[in-house]
Amino acid sequence: MTSFRFTKELRLRSQADFDRVYAADHFAADGVLVIRGVANELDHCRLGLSVSRKVGNAVVRNRWKRLIREAFRLAQHDLPPGLDLVIRPKAGAVPNFDAIRRSLPQLAARVAKKVRQNRN
RNA sequence: AGAGUUGACCAGGCAAUCGCUGGCUCUUUUGAGCGAGAGGAAAGUCCGGGCUCCACAGGACAGGGUGAUCGGUAACGCCGACCGGCCGCGAGGUCCGGGAAAGUGCAACAGAAAGCAAACCGCCGCGCACCAUUCGAGCCCCCGUCGUUAUGAGUGGGCGCGGUAAGGGUGAAACGGUGCGGUAAGAGCGCACCAGCAGCGGUGGCGACAUCGUUGGCUAGGCAAACCCCACCUGGAGCAAAGCCAAGCAGCAACCAGAGGCGGUCCGUCUCGUGACGAGUUGCGGGUAGGCUGCACGAGGCGGCGAGCAAUCGCCGUCCUAGAGAAAUGAUUGCCACCGCGCCAGCGCGGCACAAAACCCGGCUUAUCGGUCAACUCUGGGG
RNA sequence: CGGGGCGUAGCGCAAUCUGGCUAGCGCGUCUGCAUGGGGUGCAGAAGGUUGCAGGUUCAAAUCCUGUCGCCCCGA
């Protein structure tokens, strides 16, 4: 049976991890999310969130983070493996769970393609 | 029935599945089970306190804050009651409300004048005899002269001196109001009533204050959210405080004998003890970015009884109820509430606020869909 | 957590400390003249709830209180 648990091993938790992602500078975006990614040495993906104060007040920011985490949890086995992803909301977008679930795998695939091209 | 005032409270509910963060138990690698898991404002960070570290003999002055009275409180700039001004028919609301008969200062424009009073126009008296006009024969006496363009008198204007503040007009504001007397004209100049002030006394109240009597003087302007005066309060920093453990690195310079430290300043006080090291302080540089404590039993919640108008307090019983560090409550459904719209009248669709702890607590302020309850007021109708 | 600053015309700034004077200046905008047309030039005009709400005062952009938004600094 496949596990959909979401533990601390699946998250980016240090400033160094975030710096690695920003230094690689592979990103993809649509009307809902902006994703940056870089390859890690693991067999699964890890998630980092960046939701600034300009997105809204504390309730809106928490809403975004929870919806993105939930989408990542449910989609974790459908994503290209071995990526560290930093996700932030697109400026002006409103938090909607269905839109995030559709957007996340597509953008992750595009980031994975860019990472492979850059490696070659 | 309608219109309103004030206060208290709720913040959709019950389940299912997949997940998240602490706690306990089991397993002792994965994990499993049980139970807990945001608010009335958690917000803004505007006040106050607890707690921790630093400083501290004491005093004075600065600086900052508060401002009727009495009470509540750990404390407050908060709360309650009460007093006063203003608003409302009323229930109530609101102002916070010390001092301008200590001093300095400010008031554009207009106006004579903007502050201890003064006097532009005006009114009144006296003087001059310059102008106009009316009357028409003269003067204390004598002599002379003048003769209707003289002289004198009256009226009006003018000039000078003085009295006055009733009236005029300006302004946000002009030194009580009305009436009678009084006067050359006037004026608290005198009197009566009213408004208002100060002193003294009585009564009620802990008090602010209210009220009554009496005496005095007739009026004392506004702004202190201008400086200021008075009374009271007031060390600094903040949980990234602070303490412990582990890991790791590299030190350098300046200051030190009459000098240094001591809240913003001063009085004063403290430390060191004859010259260098160390310590210390300051500055520059280097290393670390891990863990634990602080950290949730507290001015605590709920219920009852009692004291008090109330804020609040006392006693008894009972309960333990979030605690992270890339940061925990979400997703998908079902049923039932509430609101709106549509129609085939019980179905469909849509909506369901403001907003999320980060050391803790007491307040204040601000945001907020909708709903419940209580007390009271006014108006209309009926009995 | 602590501290500081700023909101005035479409834009950039004065006047705020010390309350009163027509809320002013530059760029921009509009109209007219000159040109075949445009730029330039000349002449003239419009444009402001002084972020918002209360209060003090005769009078508030200015003083006081609350509130909203933005920016910066330190730990």
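The following questions and answers go through a predicted model, element by element.

Visitor: How are residues, chains and side-chain values treated in this predicted model?
Guide: Residues are numbered from 1 along each chain as its sequence is written, while chains are lettered from A and ligands numbered from 1 in the order in which they are written. Side-chain values use heavy atoms, without hydrogens and water, and in this predicted model local features need pLDDT of at least 70, side-chain atom pairs count only at pLDDT 80 or more, and totals for chains, interfaces and linings use all residues.

Visitor: What is the order of the strands in the open sheet?
Guide: Helices (H or I, at least four residues) and strands (E, at least two) are DSSP runs, numbered from the N terminus. Two strands pair if DSSP finds at least two bridges between them. The open sheet has 4 strands with mixed pairing, in the order β1-β2-β4-β3.

Visitor: Which strands stand at the edges of the sheet?
Guide: An edge strand here has a single partner strand, so one side of it is left without a neighbour in the sheet. Neighbouring strands are turned by 25° against each other on average, direction ignored. The strands at the edges are β1 (26–29) and β3.

Visitor: Which residue in β4 stands opposite I35?
Guide: Strands of a sheet pair through backbone hydrogen bonds, either parallel or antiparallel. β2 and β4 take the antiparallel sense, over 7 bridges. Opposite I35 stands I87.

Visitor: Which residues of helix α1 are buried?
Guide: Buried means under 20% relative accessible area, exposed over 50%, and partly exposed in between (1.4 Å probe, protein chains only). On the other side of α1, Q15, A16 and A23 are exposed. In helix α1 (residues 15–24), the buried residues are D17, F18 and V21.

Visitor: What is the angle at which helix α2 runs to β3?
Guide: Axes are lines fitted to C-alpha atoms, for helices over the stretch in contact, and angles run from 0 to 180 degrees between N-to-C directions. Helix α2 (residues 58–75) lies across β2, β3 and β4. Its angle to β3 is about 170°.

Visitor: What kind of aromatic pair do F6 and F72 form?
Guide: Rings of Phe, Tyr and Trp (its six-membered ring) pair if their centres lie within 6.5 Å; planes under 30 degrees apart count as stacked, over 60 as edge-to-face and the rest as tilted. F6 and F72 are 5.9 Å apart, centre to centre, with 70° between the planes. F6 is in the segment before α1 and F72 in helix α2, 66 residues apart. The pair is edge-to-face.

Technical notes. Contact = heavy atoms within 4.5 Å.
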